[in-house]
Amino acid sequence: VYSFFMPSNPVTITTTMQAISYQIEYNLAGGIVEKTIENGYVQNYDMDYLTLTLKNPAREGYTFKWWKDEKWRDFTAGSTTTSIAINSSDKSDKEYTAQWEVIEHTVKYYVDGTLVWSKKVSHNEQADVTTHRPEVEEWYYFDGWYLDSQKTDVYTLDGIVSNTDYD
């Protein structure tokens, strides 16, 4: 309540209201996203801006699953964005944490057309493959890695695979 003494002339009072703004923090948990407003990357919200549409982050070797808020509620991701509706009675700063699922691939090792080893391997996980077969090593030598069964597409593992001798 604002009080004043009425003067002898008519009075017009004008005011403006400024919305209270709350902070938004994103924990990308190892991921990356372009931090632009066009991508939904906003750093605060107010009562005029209660629906956020966040661009899903990216992370090598992982699939983005969803965002969790500071109360660990899930916000399911769409194909490239996630829509988050903020309840108008929930007036507080927000934190959203990206949730990831590791991508697994199956590594298969064939020797002369016979599958001798297979394993599901996650991103950056070490996969040990024995490249020799003791029962034939005095008659054969290791001829290299190939991406096809016809042995025409040579695969070099420079910097990816290291050789280790096992006793």
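**Packing and strand order**

Reply: Trp 67 is buried, with a relative accessible area of 2%; buried means under 20% relative accessible area, exposed over 50% and partly exposed in between, with a 1.4 Å probe and protein chains only. This is a predicted model, in which local features need pLDDT of at least 70 and side-chain atom pairs count only at pLDDT 80 or more, while totals for chains, interfaces and linings use all residues. Residues are numbered from 1 along each chain as its sequence is written, and side-chain values use heavy atoms, with hydrogens and water left out.

Me: What is the mean pLDDT of the protein chain, and which element has the highest?

Reply: pLDDT is the predictor's confidence in each residue, from 0 to 100. The protein chain has a mean of 78, and 80% of its residues reach 70 or more. Over residues 159-167 the pLDDT is below 50, and this stretch has 2 contacts in the model beyond near neighbours in sequence (contact means heavy atoms within 4.5 Å). Among the elements, β5 has the lowest mean, 74, and the highest, 90, belongs to strand β7 (residues 94-102).

Me: What is the order of the strands in the open sheet?

Reply: Strands (E, at least two residues) are DSSP runs numbered from the N terminus, and two of them pair if DSSP finds at least two bridges between them. β1 and β7 run parallel, joined by 4 bridges, whereas β4 and β7 pair in the antiparallel sense over 6 bridges. Strand β1 (residues 22-27) is also antiparallel to β2, over 2 bridges. With mixed pairing, the 5 strands have the order β2-β1-β7-β4-β5.

Me: Which are the edge strands?

Reply: An edge strand here pairs on one side only. That description applies to β2 (44-45) and β5 (74-76).

Me: Which residues of the largest nonpolar core touch the most other members?

Reply: A nonpolar core is a set of buried Ala, Val, Leu, Ile, Met, Phe, Trp, Tyr and Cys residues joined through side-chain atoms within 4.5 Å. β1, β3 (51-55), β4 (62-68) and β7 each supply at least two residues of this core. Ile 84, one of its members, touches residues including Leu 52, Trp 67, Phe 75 and Tyr 96. Of the 19 residues, those touching the most other members are Ile 24, Tyr 26, Leu 52, Trp 67, Ile 84 and Tyr 96.

Me: What is the centre to centre value for the aromatic pair of Tyr 26 and Trp 67?

Reply: Rings of Phe, Tyr and Trp (its six-membered ring) pair if their centres lie within 6.5 Å, and planes under 30 degrees apart count as stacked, over 60 as edge-to-face and the rest as tilted. Tyr 26 in strand β1 and Trp 67 in strand β4 are 41 residues apart, so the pair links distant parts of the chain, and Tyr 26 is buried at 12% relative accessible area. The pair is edge-to-face, with 65° between the planes and, centre to centre, 6.0 Å.

Me: Where does β8 turn into β9, and which residue in the turn has a positive phi?

Reply: Strand β8 (residues 104-111) and strand β9 (residues 114-122) run antiparallel, joined by 8 bridges. Val 111 stands opposite Thr 114. The two strands form a hairpin with 2 residues between them, and the residue with a positive phi, about 50°, is Asp 112.

Methods: Lists of a residue's contacts leave out its neighbours within four places in sequence.
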